[in-house]
Amino acid sequence: MILVNTDYVAGKELEMLGLVNGSTIQSKNIGRDLGAGLKSIVGGELKAYTEMMEEARKIALQRLIENAEKMGADAVVNIRYSTSAIMAGAAEVMIYGTAVRFK
């Protein structure tokens with residue numbers, strides 16, 4: 001599966017299949033929360049949260065690919081990521097784009 005954040009794939013003529021997305025919601029656990037609270041006192045990167053969000057991006061991307069494959073896509077163009085807070089301690093990561101087939 002070719003994944004790009006442009007609206008084209010170099011050298012390919014595209015047939016648009018439609019919007020495709022993947023998402024996940026991740027929440028912090030008490031261990032991460034306590035560690036992050038202590039880290040916020042001295043400053044610096046909150047590595048547990050960075051790792052949690054990286055995992056969330058990977059899950060969302062895999063779901064996007066699975067949805068595009070179900071549509072018979074060869075690629076997804078115009079890929080964008082979005083995040084939002086769902087509730088205290090939980091965040092959604094969504095990735096979306098346009099599924100396309102090569103002509």
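This text walks through a predicted protein model, from its overall layout to single residues.

The model is predicted, so local features need pLDDT of at least 70 and side-chain atom pairs count only at pLDDT 80 or more, while totals for chains, interfaces and linings use all residues. Residues are numbered from 1 along each chain as its sequence is written, and side-chain values use heavy atoms, with hydrogens and water left out.

Start with confidence. pLDDT is the predictor's confidence in each residue, from 0 to 100. Its mean over the protein is 88. A value of 70 or more is reached by 85% of the residues. Strand β1 (residues 2–3) has the highest confidence, at a mean of 98. Helix α1 (residues 30–42) has the lowest, at 57. Where pLDDT is low, the predicted coordinates should not be read in detail.

Now the layout. Helices (H or I, at least four residues) and strands (E, at least two) are DSSP runs, numbered from the N terminus. The protein has two helices and four strands. Along the sequence they follow the pattern β-β-α-α-β-β. Contact means heavy atoms within 4.5 Å. Take the contacts between residues at least 6 apart in sequence: 74% of them join residues at least 24 apart. Buried means under 20% relative accessible area, exposed over 50%, and partly exposed in between (1.4 Å probe, protein chains only). Of the 103 residues, 27% count as buried.

The sheet comes next. Two strands pair if DSSP finds at least two bridges between them. The four strands form an open sheet in the order β1-β3-β4-β2, with mixed pairing. β1 and β2 stand at the edges with a single partner strand each, so one side of each lacks a neighbour in the sheet. β1 pairs with β3 in the parallel sense over two bridges. Here Ile 2 has Ala 75 in β3 as its bridge partner.

Move on to strand β3 (residues 75–87) and strand β4 (residues 90–102). They pair in the antiparallel sense over ten bridges. Val 76 stands opposite Ala 99 in β4. Val 77 has Thr 98 in β4 as its bridge partner. Further along, Ser 82 stands opposite Met 94 in β4. The two strands form a hairpin with two residues between them. Gly 89 sits in the turn, with a positive phi of about 85°. Most residues other than glycine have a negative phi, and most peptide bonds are trans. Asn 78 has a positive phi of about 55° although it is not a glycine. Asn 78 belongs to strand β3. It counts as partly exposed because its relative accessibility is 29%.

Ser 27 has Ala 90 in β4 as its bridge partner. Helix α2 (residues 47–70) lies across β1, β2, β3 and β4.

The contacts below leave aside neighbours within four places in sequence. Asn 21 lies in strand β2. It counts as partly exposed because its relative accessibility is 33%. Asn 21 is in contact with Arg 63, Leu 64, Asn 67, Met 94, Ile 95 and Tyr 96. Asn 21 and Ile 95 are 74 residues apart in sequence, yet 5.6 Å apart in space, C-alpha to C-alpha.

Thr 24 is also found in strand β2. Its relative accessible area is 8%, so Thr 24 is buried. Its contacts are Ala 56, Ile 59, Ala 60, Arg 63, Ala 91, Glu 92 and Val 93.

Gln 26 is in strand β2 (residues 14–27) as well. Gln 26 counts as buried because its relative accessibility is 13%. Not counting residues up to four places away in sequence, Gln 26 touches Met 52, Ala 56, Ile 59, Gly 89, Ala 90 and Ala 91.

Last, the rings. Lys 12 lies over the face of Phe 102, at 4.9 Å from the ring centre. The cut-offs for a charge over a ring are NZ of Lys or CZ of Arg within 6 Å of the ring centre and within 35 degrees of the ring normal.

Methods:
Axes are lines fitted to C-alpha atoms, for helices over the stretch in contact, and angles run from 0 to 180 degrees between N-to-C directions.
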